[in-house]
Structure formats: structure tokens, C-alpha cells
Amino acid sequence: MSTEELDGVVRRRLIVVAIDGYDNQPDGFERAIAEQVDRITGWLADPRLGPDRRFEVSRAPSVRTVDELREFLRSESLAAASYPEAGVVYITGHGLRRDATRHFLTLPETEPDRPFATAFPTSELITAILD
């Protein structure tokens, strides 16, 4: 985007999906997730940026299941965003690919042998944004 196009942006949104609470997460994992979120939020939502450049932040609550994540994404109305809106979706957590060509975001309730039923297809998130 050019500077002129950025001047026409009427809304800037940072949607944060930070998954933790896994049973097998290593020591310091939650701290590392928090640091990542603090970093991206600091870059895009720092009050010193001013209202014309600062992003509004929406963070998913602690989600443990696919249904909880879908509900959060629905509530954000990502597909309803119009062209003069700038949106950044930041995702952090664990992923799973298995033998399939699809990638999944794993959640605390994900069963590794059942990714289609218990993990979140990353492509679904991309589709929700681009639709």
C-alpha cells in the first residue's frame, strides 16, 4: 500500500489469537506467548502512534476448543471488513500437519489423532478473512 492509500484507511484492527494451556507445553511457554503478544501489540497499538495510525486490539479469550475459536472469529466479523479497513490477524501457539497437506492450529483440547474434528484448520481462518 502506498502512503496515500494508508491515509484512506478508516479502521485498523489487530486480532490476536494466542493459544496456550497445552498439557505438554514446556516451561516458559506461556511467558513466551505473552511476550510475543506484547511485542506485536506494542508495535501496532502503541498510544504514541496517534489515533490515525494506532490499531485497535481484540484478543481471543482463553480458547480450548475449535467451537470456542470459531465463536470468537464470528464475533469479530472478519469477513465483513471493507476495503478501507486494515486488518492484522496474529496467531501464535502450536500447529499440526500430520500426513495431510492441510495445516491445523492445535488447541488445548486437540486430540492429535483427530485433527479434522478437534484442531482448527488454518485455511479456515484465512478464508474467513478473505471472504
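Arginine 64 and glutamate 109 form a salt bridge, with their closest N and O atoms 3.0 Å apart. The term covers a side-chain nitrogen of Lys or Arg within 4 Å of a carboxyl oxygen of Asp or Glu. This pair links distant parts of the chain, 45 residues apart: arginine 64 sits in the loop between E2 and H3, glutamate 109 in the loop between E5 and H4. Helices (H or I, at least four residues) and strands (E, at least two) are DSSP runs, numbered from the N terminus.

Arginine 64 is partly exposed at 31% relative accessibility. Glutamate 109 is partly exposed too, at 42%. Buried means under 20% relative accessible area, exposed over 50%, and partly exposed in between (1.4 Å probe, protein chains only).

## Basis of the model

The model is predicted: local features need pLDDT of at least 70, side-chain atom pairs count only at pLDDT 80 or more, and totals for chains, interfaces and linings use all residues. Residues are numbered from 1 along each chain as its sequence is written, and side-chain values use heavy atoms, leaving out hydrogens and water.

The structure holds seven salt bridges. One of them joins arginine 70 to glutamate 124, with the closest N and O atoms 2.6 Å apart. Arginine 70 lies in helix H3 and glutamate 124 in helix H5, 54 residues apart. Arginine 70 is partly exposed at 27%, and glutamate 124 at 28%.

Glutamate 71 and arginine 74 also form a salt bridge, at 3.4 Å between the closest N and O atoms. Both lie in H3, three residues apart, about one turn of the helix. Glutamate 71 is partly exposed at 43%; arginine 74 is exposed at 55%.

## The two sides of H3

Val66, Leu69, Phe72 and Leu73 are buried in H3. They lie on the same side of the helix because they cover an arc of only 130 degrees around the axis, taken from the directions from the helix axis to the C-beta atoms. The face turned away from this buried side carries the exposed residues Asp67 and Arg74.

The buried residues of H3 pack against E1, strand E2 (56-59), strand E5 (104-106), helix H4 (115-118), strand E6 (120-121) and H5. Leaving aside neighbours within four places in sequence, leucine 73 is in contact (heavy atoms within 4.5 Å) with Leu78, Phe120 and Leu125. Just after H3, serine 77 takes a positive phi of about 50 degrees.
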